[in-house]
Amino acid sequence: MGLEQIKMNIVTQKNTVQISVRKLVEYRQRTGNLDLTFFSGVSAMEGIRLHKKIQEIRPEEYSQEFPVSMELDFEDVILNVSGRIDGVFEYPDQACVEEIKSTRKDLDNIDIPEDHVFWAQVKCYGYLYARQKGLENIILQLTLCNVDTGKIHDVKKAFTTTELGAFFHVLVDACLQKVRAVNAWRLKRNQTITSLDFPFETYRTGQRQMAVTVYRVIRDNGQAIIQAPTGIGKTIAVLYPALKAMNEGFAEKIFYLTARTTGKSAAESALKLLTTHGLSVKSVTITAKNKICFNPDRLCNAQECEFARGYYDRLNATLDELFEQDIVNRMRMESVAAKHGICPFDLTLEACDMADVIICDYNYAFDPRVYLKQFFLNENKDYVFLVDEAHNLVDRGREMFSASLERSLFVELLRQGRPEFPKISRILGHIIRWFSGKKTRIGQEGGFWSTTEVPEDILPLLGKFVQLAETWLLHNPQSPFRQKIIDVYFEVSNFIKIAGHYDQTYATIFENFNFDIRVKLFCLDPAGPLEKALKRCGSAVFFSATMTPVSYFKKVMGCRESSINMLLSSPFPRENCLVAVLDRISTLYKRRWETRERLAETLTSLVGQKRGNYMFFFPSYQYLNMVMELFKSMNAGICTLTQQPNMRETEREKFIESFKTENCYTLVGFAVMGGFFAEGIDLVGDCLLAAAIIGVGIPMICPERELIRRYYQQKIGAGFDFAYKYPAINRVLQAAGRVIRSETDKGVILLIDERFSKPDYASLLPNHWNTVRVKSHSDFHTILKKFW
């Protein structure tokens, strides 16, 4: 039983617990293996269409989607079990309750045992209906339909209400044990939250204001966009009031959403800190499947993976052990999963039902492919979204709501498996020819062209491929080509799904891509899909050190007009941070070669005043490498580290660790703006003395970025701002935020570009910055010497 379904409301001094028939059944009746290599073979939309088709051909005595419920009043709890029956045949002398299940399995060779969840579900529906109608006997019908052939097979069984009642109450008894455990836990949790004080002696400037705003937003089911400078303590300033709101019944579950692993670590650390001050709270951190899987090279089925074999037989005992834990991070999840021998990723998703706080990536709340359907199929006003580093949500949103396909994907599948799947091969040939037919136009347009029309002519071919692939996968569980087809299947399914969202905020791109032909459904404006996704929660708080200007983020993130906008000043002394603007060196692309020596000399001056750690942030790898070689030739004795494209996680961690000590020598890191090292890392004290930011961070001009510019220019007359300037300034501010992280930190931010002195850029810089304009090289030397 998913603990998510247990919602506590005080009714005559008892807890009222709402639970669906499906969840009631699954808790006790699920057994056997986990099989994620290919789900049921039937998509949700196919299942819905098939249900409606069957319901429409039923006689007039048939009632569709019949609601049933039953309230069970126990000494300590009221259990409200409810559900919706697919259909009921209501004859004068007999009633028949029908449950419809769609499948791709051969109906001639299918047998559903009576202890299967399907029969358990229809038994519960039958009992609830018979109780409501006062019947002593009832017919139950399990109707199976093959989505490919349309063939229908139904099985009928007769039961007395007494028989069904005995079965139903066995399920209820098992449910009550879990309900009472959850009740006891929530009582303990709420008591600890009630007595929980803020974990520091005082609030930092602006921190209490932020916490109060977060509490009120959750209480009022509102939204807020909060720009809070680095070091203010944003994580604790959102989690502490969110937990207080949970204690008062304004939040059932808190989703702490992040874009990076460092954000997850910050949330875990904040909760751990609160537990040292008396808090008892259950949190689960979701780790990506490709990182936590014990057998990443095997398929997720009982034949290939021992952690899928007998998964459901061991699941409840594993969840019971996890329920005794409070903060369940990746390490703890892996440990418990290994002990019980079950899949750690799927266990994580199951454990989320019992969690008060779920720490996870954005995509588990927003991405239409992987969002947590166990929570978000319906709107829930008691869910809270805390969106960390929310400036990342714009580009991530575009990625989540876009989809692409390459010709080579289908060519490779056809080349490797033509004899294995002739029907699929034929449709692959049609798809490949469709791609080849675009080659001439792409060449005529210089390798890239776009349209505002969805490519309707490819969708039927892709749909046919999906249908054939589903059937083939169902009947070929051991084929060596199985994983290859699954990979293409999900790529194609995602493309079709995104095509269903296509509207005026999309563009279709055809282009040459890595010696291949690619078609892409490109989301220009993620506001609409994000606004829809935000309806999955009651309240949302977006927070970051860089949300400039707030009006831009409010528009592109799909926030309500009524959302609260908050800009907080730095809590630290202005004199601790020197912001030097050197506007006499141009970093424009056409001037970079001629100004490279002056730039390298300036960076040499920056590191020459004081030994320690420095970071230089560039707008591109090409520019970085150009200046780095010159800098190294001028400073042979200085240690340097360089960010590389596509660094592995271990390489990134090693890079950061080099800066987490106050070195007695000079260490310089060369990195790119908008990259991993430009945000989300804490370098406190003298771990980072200064950051030089070379250029205003304008994203590289490319066809996709130009499509965004044209879209916003036509829509609101602010194309350059939305496509280039606002994303750029937030990159600058993120990189600058690495310098001052605490009250005692002292450091330098050097801004190098003539545009930083121009009003349209200068007006976007924080008001609390102590900005000094550098007039000359000698002037810079004097300013630095005086500051240090």
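This is a predicted model: local features need pLDDT of at least 70, side-chain atom pairs count only at pLDDT 80 or more; totals for chains, interfaces and linings use all residues.
Reader: What makes Phe515 count as buried or exposed?

Author: Exposed means over 50% relative accessible area, and Phe515 reaches 92%, so Phe515 counts as exposed. Phe515 is found in the loop between β16 and β17, and has a positive phi of about 60° although it is not a glycine.

Reader: Why is β17 called mostly covered?

Author: Eight of the eight residues of β17 are buried, where buried means under 20% relative accessible area.

Reader: Which strands stand at the edges of the open sheet of seven strands, and what makes them edge strands?

Author: The order in this sheet is β22-β23-β21-β24-β25-β20-β26, with parallel pairing. β22 (639–642) and β26 (771–773) each have a single partner strand, so one side of each is left without a neighbour in the sheet, and these two stand at the edges. From one strand to the next, the twist averages 20°. Inside the sheet, strand β21 (residues 613–618) and strand β23 (residues 667–672) run parallel and are joined by six bridges, with Phe670 in β23 as the bridge partner of Phe616.

Reader: What makes helix α23 a helix that packs on the sheet?

Author: Helix α23 (residues 621–634) touches β21, β22, β23 and β24 (690–694), and its direction makes about 160° with that of β23. Helix α28 (residues 777–787) lies across β20 (577–582), β25 (747–752) and β26, running at about 175° to β20.

Reader: Which strands are at the edges of the open sheet of eight strands, and why?

Author: That sheet has the order β11-β10-β12-β9-β13-β18-β8-β19, again with parallel pairing. β11 (327–328) and β19 (564–567) each have a single partner strand, so one side of each lacks a neighbour in the sheet. Strand β13 (residues 383–388) and strand β18 (residues 539–544) pair in the parallel sense over five bridges, and Val541 in β18 is the bridge partner of Leu386.

Reader: Which residues touch the most other members of the largest nonpolar core?

Author: Of its 149 residues, Phe366, Phe385, Phe410, Phe465, Phe542, Met557 and Leu751 do. Helix α26 (residues 719–736) gives the most to this core, with nine residues. Leaving aside neighbours within four places in sequence, Phe385 is in contact with residues including Phe255, Leu257, Phe366, Cys537 and Val541. A second, separate core of 41 residues includes Val68, Leu79, Val97 and Ile138.

Reader: What is known about the second largest pocket, and which residues lie nearest its centre?

Author: Its volume is about 1500 Å³. The second largest pocket is lined by 45 residues, of which Asn392, Asp395, Arg396, Glu399 and Gly674 lie nearest its centre. Among the elements that give two or more residues to this lining are α14 (393–400), β14 (403–406) and β17 (516–523), and α14 gives the most, with six residues.

Reader: What makes a space a cavity, and how many cavities of 30 Å³ or more are there?

Author: In a cavity a 1.4 Å probe fits but cannot get out, whereas a pocket is open; by this rule the count comes to four. The largest cavity has a volume of about 330 Å³, and Pro229, Thr230, Ser570, His768 and Trp769 lie nearest its centre among the 21 residues that line it.

Conventions:
Residues are numbered from 1 along each chain as its sequence is written. Side-chain values use heavy atoms; hydrogens and water are left out. A nonpolar core is a set of buried Ala, Val, Leu, Ile, Met, Phe, Trp, Tyr and Cys residues joined through side-chain atoms within 4.5 Å. Buried means under 20% relative accessible area, exposed over 50%, partly exposed in between (1.4 Å probe, protein chains only). Helices (H or I, at least four residues) and strands (E, at least two) are DSSP runs, numbered from the N terminus. Contact means heavy atoms within 4.5 Å. Two strands pair if DSSP finds at least two bridges between them. Axes are lines fitted to C-alpha atoms, for helices over the stretch in contact, and angles run from 0 to 180 degrees between N-to-C directions. On a 1 Å grid over the protein atoms alone, a cavity is a set of points where a 1.4 Å probe fits but cannot get out, and a pocket is an open set with protein on both sides within 12 Å along at least five of seven lines; lining residues have an atom within 4 Å of a point. Grid points are joined across faces, edges and corners, and a volume is the space filled by probe spheres set on the points.
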